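Please keep the sequence and the coordinates at hand while reading.

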Amino acid sequence: MIIEKSPIVPVHRRQISSATIDRILSMISDGYWEPGECLPPQRELAKSLGVGMSTLREALQSLQTMGVLEMRHGSGTYVSNQPFTAYGKIIDMSVGLASMDLEMFFEARGIIETGLAYLAAQHGTDEQIKKLFEILDGELEYLDEERNNLYHDLDLDFHRLISEMANNQFLAQINVALFNVLDKLFRVLPLTKEGWRLHFSVAEAIRDRSPFNASEAMRTLIEASSAKYLPYMKMVAEKDKK
């Protein structure tokens with residue numbers, strides 16, 4: 001059965017090229033076009049988005065450079081089979097090569113992860129929520145036994161699961177990239193029961209299907225981590241530079 005797709009909403013923003021890139025990325029992330037699917041002809045797509053041909057070509061070229069699209073001569077423009085994997089690698093590279101600004105890292109976490117927690121409370125399944133609390137049970141066990149590496153493995157699993165629960169592949173990929181860059185720093189942080197309790201509060205709000213409370217609980221967690229661990233992380237980063 002062929003399902004008729006809804007009309008594409010035109011772009012109405014000042015930075016038209018960036019807005020066009022954002023719109024196409026969003027549509028791919030939302031599943032409007034699946035991996036491997038061919039986009040409409042450029043003239044038709046430009047009309048649907050309400051942009052000029054030159055703007056559209058510039059956006060498509062940028063998305064091809066990111067690895068999100070493949071422009072095949074004589075055939076058309078296709079969504080890559082793994083559109084966000086290549087894009088995530090670009091993010092990894094740019095963040096990793098830049099001089100590490102840890103304040104900016106926590107700002108990024110505050111923006112991205114609070115949004116992910118909000119969406120997780122809306123979209124997470126009962127099975128995923130159950131898994132979230134199982135991770136917390138394991139964390140508490142490892143915390144009591146001072147098995148730091150295993151605790152940090154579960155900590156990353158906790159945040160990755162929330163990313164999955166948000167059901168937004170684009171946001172999840174950016175979040176994974178941030179954690180990949182600073183994974184080694186998380187593993188040298190001292191562990192506390194208070195930190196575990198803050199994680200538990202996030203899980204409770206998600207379980208209660210309260211998007212606002214989940215977002216605010218995640219914000220409290222990140223702000224507490226920043227205030228407590230930022231000086232320690234800076235010290236570790238300085239040692240790594242030597």
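Arg72 and Glu70 are joined by a salt bridge in which the closest N and O atoms are 3.1 Å apart. The model in which this pair is found is a predicted one, and a search of the whole structure gives seven salt bridges. Three of them are described below, followed by the overall fold and some individual residues.

**Salt bridges**

- In the pair of Arg72 and Glu70, Arg72 is partly exposed at a relative accessible area of 39%, and Glu70 is likewise partly exposed, with a value of 31%.
- A second salt bridge brings together the side chains of Arg109 and Glu113, with an N to O distance of 2.5 Å; both residues belong to helix H5 (residues 102-123), where they are four residues apart, or about one turn of the helix.
- Arg109 counts as buried because its relative accessibility is 3%, which is under the 20% limit for that class, and Glu113 is buried as well, with a relative accessible area of 2%.
- Arg209 forms a salt bridge with Asp126, and here the closest N and O atoms are 3.1 Å apart. This pair links distant parts of the chain, since Arg209 is in the loop between H9 and H10 while Asp126 is in helix H6, 83 residues apart.
- Arg209 is partly exposed, its relative accessibility being 34%, whereas Asp126 is exposed, with a relative accessible area of 60%.

**Overall fold**

- The protein chain contains ten helices and two strands, and along the sequence these follow the pattern α-α-α-β-β-α-α-α-α-α-α-α.
- The chain has 242 residues, of which 45% count as buried, and its accessible surface comes to about 13,500 Å², with 52% of that belonging to carbon and sulfur atoms.
- When contacts between residues at least 6 apart in sequence are considered, 74% of them join residues at least 24 apart.

**Surroundings of Ser80**

- Ser80 is found in the loop between strand S2 (76-79) and helix H4 (83-97), and at 6% relative accessibility Ser80 counts as buried.
- Leaving aside residues up to four places away in sequence, Ser80 touches Pro35, Gly36, Gly67, Val68, Leu69 and Glu70; Glu70 is also the salt-bridge partner of Arg72.
- Between Ser80 and Leu69 the C-alpha to C-alpha distance is 5.1 Å, and the two are eleven residues apart in sequence.

**Surface and helix positions**

- Glu127, Glu134, Asp137 and Glu141 form a negative surface patch.
- Asn180 lies in helix H8 (residues 169-186) and is partly exposed, with a relative accessible area of 42%; Asn180 and Leu156 are 24 residues apart in sequence, with 9.8 Å between their C-alpha atoms.

Note on methods. Residues are numbered from 1 along each chain as its sequence is written. This is a predicted model: local features need pLDDT of at least 70, side-chain atom pairs count only at pLDDT 80 or more; totals for chains, interfaces and linings use all residues. Side-chain values use heavy atoms; hydrogens and water are left out. Patches are made of residues with over 30% relative accessible area and no salt bridge: like charges are joined within 9 Å, nonpolar side chains (Val, Leu, Ile, Met, Phe, Trp, Tyr) within 5 Å. Accessible areas come from the Shrake-Rupley method with a 1.4 Å probe; for residues, only the protein chains shown count as cover. A salt bridge is a side-chain nitrogen of Lys or Arg within 4 Å of a carboxyl oxygen of Asp or Glu. Lys and Arg count as positive and Asp and Glu as negative; His and the chain ends are not counted. The place of a charge is taken as NZ of Lys, CZ of Arg, CG of Asp or CD of Glu. Buried means under 20% relative accessible area, exposed over 50%, partly exposed in between (1.4 Å probe, protein chains only). Contact means heavy atoms within 4.5 Å.
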